[in-house]
Amino acid sequence: MAEITAAAVKELRERTGAGMMDCKKALAETNGELEPAVDWLRAKGLAAAAKKAGRTAAEGLVGVAVESTRGAVVEVNSETDFVAKDTNFTTFADNVAQAALRSGAADVEALKSVAIEGTSVDEIRQTLVAKVGENVQIRRLARNDSGNNVGAYVHGGRIGVLLELKGGSAELARG
């Protein structure tokens, strides 16, 4: 059995964001090899995500992306408001909104298969579940592709509105 050094645990932890003890166990299971340990943690994370999928995710926030005449807003939920305020979670919500805007995905199921830097939104979500230890779900998606200028408003991180701007006035977009 290979000796597991603190430096190896630290490197694996920095690469994956997994807990120290999980990193140590992964390295022990893979004879101290880093790449197989990353794969081991990924597999463990997917199993953890599946276990947590049934838990209620009622907290969260909205991510909004607007580009000239198009806009997208997504609701991403977690189990607690503590996780919803975490930088990993807020970055995920923003990235998912950008992916929704770029891809033209019409619903949440289509959005889950959209790739962000070569990885699907759903795989990134599962990795986030493993990292934060809570169920994370993309609940809703709304778009505005009307051809008119689009603006957005987010209130308190939890209410998002896409505005269709016509002749200087704003009307709520339907979606």
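This is a predicted model: local features need pLDDT of at least 70, side-chain atom pairs count only at pLDDT 80 or more; totals for chains, interfaces and linings use all residues.
**Exercise 1. The protein as a whole**

Then find what percentage of the residues is buried.

Solution. 
1. The protein has 175 residues, of which 35% are buried.
2. Its secondary structure consists of 7 helices and 8 strands.
3. Consider contacts between residues at least 6 apart in sequence: 52% of these join residues at least 24 apart.

**Exercise 2. The sheet**

Determine the strand order of the open sheet of 3 strands, and name its edge strands.

Solution. 
1. The order is β1-β2-β5, and the pairing is antiparallel.
2. Strands β1 (59-67) and β5 (137-144) each pair on one side only, which makes them the edge strands.
3. From one strand to the next, the twist averages 15°.
4. Between β2 (residues 70-78) and β5 there are 7 bridges in the antiparallel sense. Gly 71, for example, has Asn 144 in β5 as its bridge partner.
5. Helix α5 (residues 87-103) lies across β1, β2 and β5, and runs at about 145° to β2.

**Exercise 3. Two helices in contact**

Decide whether α5 and α7 are roughly parallel or roughly antiparallel to each other, and list the residues that meet.

Solution. 
1. Helix α7 covers residues 121-132, and α5 packs against α7 at an angle of about 175°, with the axes 11 Å apart.
2. Angles over 145 degrees count as roughly antiparallel.
3. The two helices, α5 and α7, are therefore roughly antiparallel.
4. From α5, the residues in the contact are Asn 88, Phe 89, Phe 92, Val 96 and Ala 99; from α7, they are Val 121, Ile 124, Arg 125, Leu 128 and Lys 131.
5. Sorted by class, this contact has 7 nonpolar residues, 1 polar residue and 2 charged residues.

**Exercise 4. Positive phi values**

Locate Asn 31 and Ser 68, and state the phi of Asn 31 and of Ser 68.

Solution. 
1. Most residues other than glycine have a negative phi.
2. Asn 31 has a positive phi, near 55°, and sits in the loop between α2 (20-29) and α3 (34-52).
3. With a relative accessible area of 49%, Asn 31 is partly exposed.
4. Ser 68 also has a positive phi, near 55°, and belongs to the loop between β1 and β2.

Definitions and conventions
Residues are numbered from 1 along each chain as its sequence is written. Side-chain values use heavy atoms; hydrogens and water are left out. Two strands pair if DSSP finds at least two bridges between them. Helices (H or I, at least four residues) and strands (E, at least two) are DSSP runs, numbered from the N terminus. Axes are lines fitted to C-alpha atoms, for helices over the stretch in contact, and angles run from 0 to 180 degrees between N-to-C directions. Contact means heavy atoms within 4.5 Å. Buried means under 20% relative accessible area, exposed over 50%, partly exposed in between (1.4 Å probe, protein chains only). Angles under 35 degrees count as roughly parallel, over 145 as roughly antiparallel, 65 to 115 as roughly perpendicular and the rest as oblique. Ala, Val, Leu, Ile, Met, Phe, Trp, Tyr, Cys and Pro count as nonpolar, Asp, Glu, Lys and Arg as charged, and the others, Gly among them, as polar.
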